[in-house]
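Dear colleague,

Please find the structure below. My notes on it follow directly after.

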Amino acid sequence: MDDRSGGGESFVAVRRMSSGLDRGGACHSTSAEVVTGSSAWLGRGLSCVCVQRRDSDARPSFDLTPMQEECLDRLQSRLDVAYDGSIPEHQEALRALWHASFPEKELQSLISDQWKEMGWQGKDPSTDFRGGGFISLENLLYFARNFPKSFQDLLRKQEGDRAMWEYPFAVAGVNITFMLIQMLDLESYKPRTLVGATFLKFLAENESAFDLLYCITFKLMDHQWLTMRASYMDFNAVMKATRRQLESELLQEDIRYLQDLPSYKLLSR
């Protein structure tokens, strides 16, 4: 897993600008100050969030239908694509993400300090895609295009009583892609967990199921963040709580479609 998660130990925390320092004050300003430090956020810190072995991982693999095998193969092909800044398609996807995020601002360059406004660790987002590959960019773009209101609410931290030090939006998005890949056991020939096998039923019905589940998970993570009254040092705990809640919802007997998940109701277009 080292080659996917990278080896860095830096993080970017976004400080909410408000007139008071207590958590009870209103912190809804879109102004932010980006600072860096040394903490487990991306890289090795990502691994400790997402790649821990669980008792359920020891379950035998599940048999798949031909349709499920085909859909899993196509999704795994997406997972194998690393972000490459020299590929025009990847460049255009990155530009599209900026335009969807900040339609009122022109992007000066694909390498620019402007990207820090979105919560990337530096001026070149490609350095942060190591944890999730090109699919993590596709996930963010799908979110922006299909649930623009929720996307903007999370990007600009517009809902709830926010912490003084908030999670960086874009880096959190890469973490979520990586977490879902691990939780659903998507790099295995066959799923070895019940939650992974259950997800393939949704995938066979909807080829965009992974992207849709990403949107649900991102909104659920932010909901957990607010419920736990978290700050950036609590990110690992929030991700673990999000994973537990998501697994529980996916395994509910009355869930036929991802839109039936209780957390889907958190999303808005």
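Helix α7 (residues 169–183) packs against helix α10 (residues 235–250) at an angle of about 45°, and their axes lie 11 Å apart. The pair is therefore oblique (angles under 35 degrees count as roughly parallel, over 145 as roughly antiparallel, 65 to 115 as roughly perpendicular and the rest as oblique). The crossing of α7 and α10 is right-handed, meaning that the near helix is turned clockwise from the far one by less than a right angle.

On the α7 side, the contact (heavy atoms within 4.5 Å) is made by A172, N175, I176, M179, L180 and M183. On the α10 side, F235, M239, T242, R243, L246, E247 and L250 take part. By class, this contact has 9 nonpolar, 2 polar and 2 charged residues.

T217 belongs to helix α9 (residues 209–227). Because its relative accessibility is 0%, T217 counts as buried (under 20% relative accessible area, with a 1.4 Å probe and protein chains only). Apart from neighbours within four places in sequence, T217 is in contact with I176, M179, L180, T242 and L246.

As for the whole chain, there are 10 helices and 3 strands (DSSP runs of H or I with at least four residues, and of E with at least two). Of its 269 residues, 51% count as buried.

The model is predicted: local features need pLDDT of at least 70, side-chain atom pairs count only at pLDDT 80 or more, and totals for chains, interfaces and linings use all residues. Residues are numbered from 1 along each chain as its sequence is written, and side-chain values use heavy atoms, leaving out hydrogens and water.

Yours sincerely

How values were computed. Axes fitted to C-alpha atoms, helices over the stretch in contact; angles between N-to-C directions. Nonpolar A, V, L, I, M, F, W, Y, C, P; charged D, E, K, R; others polar. Buried < 20%, exposed > 50% of the residue type's maximum accessible area, 1.4 Å probe, protein only.
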